[in-house]
Amino acid sequence: MSRPDTAVLLVALVEYPLDQPEAARQYEDDVLDLLEQHGGHLERRLRSTDGWTEVHLIRFASRAGWEAFRADPQRRALRAALGDAAPVGRVIEVRDL
């Protein structure tokens, strides 16, 4: 179990909707710009060869930063504004081996 004051490493798998991929990509750009406000850092951003999925490797300095990012009102407003055009994501906490 992680301590609340330790760094958090995440992998985010993000799938873009078929009908509005550019709006979803802009959303991801905007949301990733918010990371630093919460002690987060995008270590890698990869896109699938078909262009419909991204993989993000993100590190937060603390669990509190990760939780603050998830609750960020600006992030939530950006997502709400997209509605059905918002990308579908899955976030997995990982650790270095």
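Biologist: Over the ring of which residue does the charged end of arginine 75 sit?

Modeller: This is a predicted model, and the answer is read from its coordinates. A charge sits over a ring if CZ of Arg is within 6 Å of the ring centre and within 35 degrees of the ring normal. The charged end of arginine 75 lies 5.6 Å from the centre of the ring in question, that of phenylalanine 69.

Biologist: How are the rings of phenylalanine 60 and phenylalanine 69 paired: stacked, edge-to-face or tilted?

Modeller: The structure holds 3 aromatic pairs. In the pair of phenylalanine 60 and phenylalanine 69, the ring centres are 5.7 Å apart and the planes are at 45°. Planes under 30 degrees apart count as stacked and those over 60 as edge-to-face.

Biologist: How are the rings of tryptophan 66 and phenylalanine 69 paired?

Modeller: The centres of these two rings are 6.3 Å apart, and their planes are at 25°. Because planes under 30 degrees apart count as stacked, the pair of tryptophan 66 and phenylalanine 69 is stacked.

Biologist: By about how much of helix α2 are tryptophan 66 and phenylalanine 69 separated?

Modeller: Helix α2 covers residues 63-71 and holds both tryptophan 66 and phenylalanine 69. Tryptophan 66 is buried, and phenylalanine 69 is buried too. Being 3 residues apart in helix α2, the two are separated by about one helical turn.

Biologist: Which residues do the ring pairs link into a cluster?

Modeller: Phenylalanine 60, like phenylalanine 69, is buried. The cluster linked by ring pairs consists of Phe60, Trp66 and Phe69.

Biologist: Is proline 73 buried or exposed?

Modeller: Proline 73 belongs to helix α3, which covers residues 73-82. Its relative accessible area is 64%. Since exposed means over 50%, proline 73 is exposed.

Biologist: Which side chain of opposite charge is nearest to glutamate 28?

Modeller: Glutamate 28 is found in helix α1, residues 21-32, and is buried yet has no salt bridge. Leaving aside neighbours within four places in sequence, its contacts are Val14, Tyr16, Arg45, His56 and Pro87. A salt bridge needs a side-chain nitrogen of Lys or Arg within 4 Å of a carboxyl oxygen. The nearest side chain of opposite charge is 5.5 Å away and belongs to arginine 79.

Biologist: How far apart are the C-alpha atoms of alanine 12 and isoleucine 92?

Modeller: Alanine 12 has its place in strand β1, residues 8-15, and is buried, with a relative accessible area of 9%. Not counting residues up to four places away in sequence, alanine 12 touches Glu54, Val55, His56, Arg90 and Val91. Alanine 12 and isoleucine 92 are 80 residues apart along the chain, yet the separation of their C-alpha atoms is 6.3 Å.

Biologist: What is the radius of gyration of the chain?

Modeller: The chain comes to 3 helices and 4 strands, which run β-α-β-β-α-α-β from the N terminus on. For 97 residues the globule rule gives 13 Å, and the value for this chain is close to that, so the chain is as compact as a globular protein of that length. The radius of gyration is 14 Å.

Biologist: What share of the contacts with a separation of 6 or more comes from residues 24 or more positions apart?

Modeller: Buried residues make up 35% of the 97 residues in the chain. Among its contacts with a separation of 6 or more, the share from residues 24 or more positions apart is 72%.

Key
Residues numbered from 1 in each chain as written. Predicted model: local features only at pLDDT ≥ 70, side-chain atom pairs only at ≥ 80, totals over all residues. Heavy atoms only, no water. Phe/Tyr/Trp six-rings, centres within 6.5 Å; stacked < 30°, edge-to-face > 60°. Buried < 20%, exposed > 50% of the residue type's maximum accessible area, 1.4 Å probe, protein only. Lys, Arg positive; Asp, Glu negative; His and termini not counted. Contact = heavy atoms within 4.5 Å. Rg over C-alpha atoms; globule rule 2.2 N^0.38 Å.
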